[in-house]
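Please look over the sequence and the model together before reading on. The report below goes from the whole chain to single elements and then to pairs of residues.

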Amino acid sequence: MPPEVSPSHPIVTLSIQFLPQEPPRSVANQPPRHKYHQGTKTMVITKKKLIPILFFAVSGISILRILKISAVTSFSSPLAAALPPTHPRKCSSRTPACKNIQSVTPGPSKNQHVGATLTEKEYRLLSNLISLRAPCNLLIFGLEPLYLNLSRVNAGGKTVFLEDNPEKITRISTNYNDTRIYRVEYQTVAGDAYNLLKRAREDPACGLRSGSLKNSSCPLALTKLPREVYRHKWDVVVVDGPRGDAHDAPGRMAAIYTASVIARSGNMTNVVVHDVDRMIEKWFSWEFLCDENLVSSKGKLWNFRIEGKSNSTAFCPAKTI
């Protein structure tokens, strides 16, 4: 007989089941959580790359704004932008009025200098200004071959050149479009500039409302110019003479002072001064034409707009406030 088994000690049979091994997952079947982590990491890297790009973009915009402001204050004003391109009236070589200017080209090429003075951009500003105001009364201190083309731009107007160099007058001549060339003499040299400016500030005879320019006792006043210079009202006055390039050479102090007085005797006159990179031209332009009247510029050429009718006795009222 088999042995008896006690009911209080049941037989326990251990059963171990082996689950089948799960095959390895491919990269494509990775859990979404891991994929999201990778995406986040990629986005962070993209932002880091955008930071220097945005920095350079903002810096570039700032630099462009600074350059624009500099261009306006140094010389690009709304008036200059509004000036139309110059289209000089055609002149037939068969007419006597044109025979003296046929050899003169319409304008200098880029970066080319006219004689020893105007560049292409400077000439364009000047010719555009005259084109805007033509026909007008145009007075020019100094004489360069290319300036004869300004007579063509000013067709129907009056153009007068004032030159102290007899060789230039002999070499350059024209009778086009009511154009006249006069020889003038200057009694002051560039080396006298400082003392003349100091005296002009102290001498009542050099004041704005001190009487007739022709009869003035101010040492800066040009009192022996042709009569028509005093008789006419001038719309544009250009100061590019005399030389003023040496201590003992005739300076432009008197020309700038006289131009400023002439300008204030009309309604509205543009006074254009060349070679403002030189101390004398800069000093006397600020003193008698005034920085608040500067409306445009190119290179070494400054364009002032002077309102003629004023009760002020000072050339630059803003300086006396």
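The protein exposes about 19800 Å², and carbon and sulfur atoms supply 57% of that area, where accessible areas come from the Shrake-Rupley method with a 1.4 Å probe and, for residues, only the protein chains shown count as cover. This is a predicted model, in which local features need pLDDT of at least 70 and side-chain atom pairs count only at pLDDT 80 or more, while totals for chains, interfaces and linings use all residues. Residues are numbered from 1 along each chain as its sequence is written, and side-chain values use heavy atoms, with hydrogens and water left out.

Of the 321 residues in the protein, 40% are buried, a term that means under 20% relative accessible area, with exposed meaning over 50% and partly exposed lying in between (1.4 Å probe, protein chains only).

Strand 5 (residues 268–274) is largely enclosed by the rest of the structure, because 6 of its 7 residues are buried. Its pairings are listed here, two strands being paired if DSSP finds at least two bridges between them.

| Partner of strand 5 | Sense | Bridges |
|---|---|---|
| Strand 4 (residues 236–239) | parallel | 4 bridges |
| Strand 7 (residues 301–307) | antiparallel | 7 bridges |

On the side of strand 7, Leu301 stands opposite His274.

In helix 9 (residues 279–288), the residues Ile280, Glu281, Phe284, Ser285, Glu287 and Phe288 are buried. They lie on the same side of helix 9 because they cover an arc of only 165° around the axis, the arc being that of the directions from the helix axis to the C-beta atoms. Just after helix 9, Cys290 takes a positive phi of about 80°.

Cys290 is also joined to Cys316 by a disulfide, with an S to S distance of 1.8 Å, a disulfide being a pair of cysteine sulfur atoms within 2.5 Å. The torsion about the S-S bond of Cys290 and Cys316 is about -90°, so this disulfide is left-handed.

Technical notes: Helices (H or I, at least four residues) and strands (E, at least two) are DSSP runs, numbered from the N terminus.
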